[in-house]
Amino acid sequence: MGQSKLVILGTGGTIAGRADSQSQGVGYKAGQITVQSLLEAVPDLEQQALGPVQTQQIAQVDSKDMDWPVCRALLRACTQALEDADTRAVVITHGTDTLEETAWLLHSLLPATKPIVLTCAMRPATALLADGPQNLRDAVTVAASGGRSGVWVVAGGEVHAAAQVQKVHPYRLQAMRSVEGGPQALVEEGRVRWLVPAAPSARAMVPAAMSSDLLALDELPWVEVVFSGALARASGVDALVAAGVRGIVVAGTGNATVHEGMEAALQRARDKGVWIWRGTRCAEGLPVASGLGTNPAEADLAHLPVAKARIAMMLALAVQPRD
């Protein structure tokens, strides 16, 4: 067995973005700089990694454009790294826009045998005060600390669990937050300070055998998020059903309530076999009761914000036998 290594996978994002000038914080192009170049901006990275570092460029995309082929390639690379006895942990550079969905996808499909740490940036790599190098250094510190297995997100000196983290601001540096419960740990001067006791390692939500089947798919089942609110109409739901949608996650008002003009359409969709789950638009808290009935997805989705619920429903539908 060789010396324990850290695997760093690059997918693009703002952390790898390039702008025309150092003062430009918007209007840049994401995913322009290789992951190997990102490492060069952190002179003591191998020291923080406590050993050799291996990089792999999975993609160079703006994370708003993450699709199943990129996600599938990332899952395969993570699986290979986890199965390699010489790999101690995995770090992933990613855009902030859909980071929470990717974190949830990895959490759902990968066994929690080693740390998998995602990191990001709110300013491009060319910015005068780029936040990417510090975030990358912190992520490597968390991954190499011998700490806790599972999927984590590191940004702004905070460590967030995959199930809780959300992007809460479009521009500020502290854009990633765990709305319920706060961060799990802080990274301070190259050291990790955990704020909560270690919990038993979470198991992947999808069994390993089914995960392999998922990676063979060309695409996941079609699921959409529909918002309910004042002036809501049924026609949007009816159009999705007519177009062949397999599942709908409703971002309801307050305690997951749905406008009466939309609710009948959702029931019609359910009657046609479309999966329906009802969550809340509220940034904090969870609905006391969820769902318009029961289906195989709802038990696993009730605790999730709608963006992650959509991913979870895709996975649940993908492993559900069709009539």
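Leaving aside neighbours within four places in sequence, threonine 119 is in contact (heavy atoms within 4.5 Å) with Ile15, Ile92, Thr93, His94, Leu99, Asn135, Leu136, Ala139 and Val154. Threonine 119 belongs to strand S4, residues 115-119, and is buried, with a relative accessible area of 0%. Buried here means under 20% relative accessible area, exposed over 50% and partly exposed in between, with a 1.4 Å probe and protein chains only.

The model is predicted: local features need pLDDT of at least 70, side-chain atom pairs count only at pLDDT 80 or more, and totals for chains, interfaces and linings use all residues. Residues are numbered from 1 along each chain as its sequence is written, and side-chain values use heavy atoms, with hydrogens and water left out.

The chain has 10 helices and 13 strands, which are DSSP runs numbered from the N terminus (helices H or I, at least four residues; strands E, at least two). Buried residues account for 51% of its 323 residues. Of the contacts between residues at least 6 apart in sequence, 71% join residues at least 24 apart.

One aromatic pair is counted. Rings of Phe, Tyr and Trp (its six-membered ring) pair if their centres lie within 6.5 Å; planes under 30 degrees apart count as stacked, over 60 as edge-to-face and the rest as tilted. Tryptophan 152 and tryptophan 194 form this edge-to-face pair, at 5.1 Å centre to centre and 65° between the planes. Because tryptophan 152 lies in strand S5 (residues 150-155) and tryptophan 194 in strand S10 (residues 191-194), the pair ties together parts 42 residues apart in sequence. Tryptophan 152 is buried at 9% relative accessibility, whereas tryptophan 194 is partly exposed at 21%.
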